[in-house]
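Here's a quick briefing to read alongside the model. Keep the sequence and the 3D view open as you go.

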Amino acid sequence: MFKGQSLPLAMFLVVMLVTWLTRALPFLVFGKKGISPTLRYINIVLPASIMMLLVLYSLRNVEYLSYPYGMPELISVAVTVALQRLKKNTFLSILVGTLCYMILIRTLFLV
Amino acid sequence: MKTLRFAAKQTVPILFSYVFVGIAFGILMIEEGFSLFSVILSSTFIYAGSMQFVMISFVLSGAPLITVAILTFFINARHIFYGIGMLDRFKGMGIKYPYMVLTVTDETYSVYQSISYPKDLDPQQVDFYIAFLCHMLWIVSCVFGAVAGQIMPWDMTGIEFSATLFFVTVVVNQWIDFKSHIPAIVGFISGIAFYFILGKDNFLLPGLSVSMIVLMLLKDKVTLKLEGKKNV
């Protein structure tokens, strides 16, 4: 493992710098200027849209059209939502939801 | 100290996802013939889970640099939206500012959205510890995967789903706490619409962009709700 090929430097630098760019871009463009009221409003409301889209994004690779039709994922998400509404305990919700998922894919919904 | 402990507690929800995806990355990189040094380099300076995996295929397929640049940009473009929502957050952090900006990931962004800061702690100090702890956790996990990954005794398949569920809990909390449901609904509708129109790999950026535009158009309505009656 200490030998092995190294990353081609140019490719590594491109990936690194472009990744850095995507993270830095908003701060570079808007950082120095003051924040306009519109931007302030966006700052407050956009995260809720982003988080919803992030949930959808993390569920995008599930095959919903064929068995098991995304049931392990959707059931586990439903369990997590229910538990979070009930107890508002993040650790508990994630723990139970994850266990639910790991059990479902090993039992009821063998792929 | 107290700030560190609080910060550490905030990162627990993403712990398992980072650890096991990191380990998977370390294992894969070694399997494909790369050195431990490459693993350390990637996890330290790129620090972007999906991107690191894609980079492996770039190298193996000998993709031209311009393709790499363009694809890297689109794969990571959602970070632009994270930054837009956090412009004020790191102001005044001096030398730590670039580090904070460059260590925003899907998971750390979600953690930032989920925190209620205790009154006696400095939010920026908390944020720094979170950024730093997550970054170190990622590096250590990738290295651990590279070095010892083959010796996992238990089948941990599915444990990375915990990240998705963490995002879900943040959405639930936002739904309960936020006076207007419009942003969440806008995000959901545009996401689903573009998922069907453009497919699973192309829906995120249009979804984010259109959500932002729609929210700007609905500014008056949403602002009214935010300033209006208390959430029932």
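What follows covers confidence, helix packing between the chains, and a few residues to look up.

This is a predicted model, where local features need pLDDT of at least 70, side-chain atom pairs count only at pLDDT 80 or more, and totals for chains, interfaces and linings use all residues. Residues are numbered from 1 along each chain as its sequence is written, chains are lettered from A and ligands numbered from 1 in the order in which they are written, and side-chain values use heavy atoms, with hydrogens and water left out.

**Confidence**

- The predictor puts the complex at an ipTM of 0.87 and a pTM of 0.82.
- Chain B has a mean pLDDT of 89, with 97% of its residues at 70 or more; pLDDT is the predictor's confidence in each residue, from 0 to 100.

**Helix α1(A) against α3(B)**

- Helices here (H or I, at least four residues) are DSSP runs, numbered from the N terminus.
- The axes of α1 (residues 9-30) of chain A and α3 (residues 36-45) of chain B come within 10 Å and cross at roughly 15 degrees. Axes are lines fitted to C-alpha atoms over the stretch in contact, with angles running from 0 to 180 degrees between N-to-C directions.
- That makes α1(A) and α3(B) roughly parallel (angles under 35 degrees count as roughly parallel, over 145 as roughly antiparallel, 65 to 115 as roughly perpendicular and the rest as oblique).
- The crossing is right-handed: the near helix is turned clockwise from the far one by less than a right angle.
- A:Phe12, A:Met16 and A:Trp20 meet B:Leu41, B:Ser42 and B:Phe45, where contact means heavy atoms within 4.5 Å.
- By class, this α1(A)-α3(B) contact has 5 nonpolar, 1 polar and no charged residues (Ala, Val, Leu, Ile, Met, Phe, Trp, Tyr, Cys and Pro count as nonpolar, Asp, Glu, Lys and Arg as charged, and the others, Gly among them, as polar).

**Helix α2(A) against α10(B)**

- The axes of α2 (residues 37-58) of chain A and α10(B) come within 9 Å and cross at roughly 150 degrees, so α2(A) is roughly antiparallel to α10(B).
- This crossing is left-handed.
- Residues making the contact include A:Met51, A:Met52 and A:Val55 of α2(A), along with B:Phe167, B:Val168 and B:Val171 of α10(B).
- The contact of α2(A) with α10(B) divides into 10 nonpolar, 3 polar and no charged residues.

**Buried spots in chain B**

- B:Thr169 sits in α10 (residues 161-177) of chain B and is buried, with a relative accessible area of 0% (buried means under 20%, exposed over 50%, partly exposed in between, with a 1.4 Å probe and protein chains only).
- Leaving aside neighbours within four places in sequence, B:Thr169 is in contact with A:Thr80, A:Gln84, A:Thr90, A:Ser93 and A:Ile94.
- In α8 (residues 106-114) of chain B, 7 of the 9 residues are buried, so this helix is largely enclosed by the rest of the structure; among the buried ones are B:Asp106, B:Glu107 and B:Tyr109.

- A cis peptide bond, with omega about 0 degrees, joins A:Tyr67 and A:Pro68; A:Pro68 is in the loop between α2 and α3 of chain A.
- A:Lys88 is not a glycine, yet has a positive phi of about 50 degrees; A:Lys88 is partly exposed at 41% relative accessibility.
- B:Tyr47 also has a positive phi of about 50 degrees without being a glycine, and B:Tyr47 is buried at 2% relative accessibility.

Key. Helix = DSSP H or I, 4+ residues; strand = E, 2+ residues; numbered from the N terminus.
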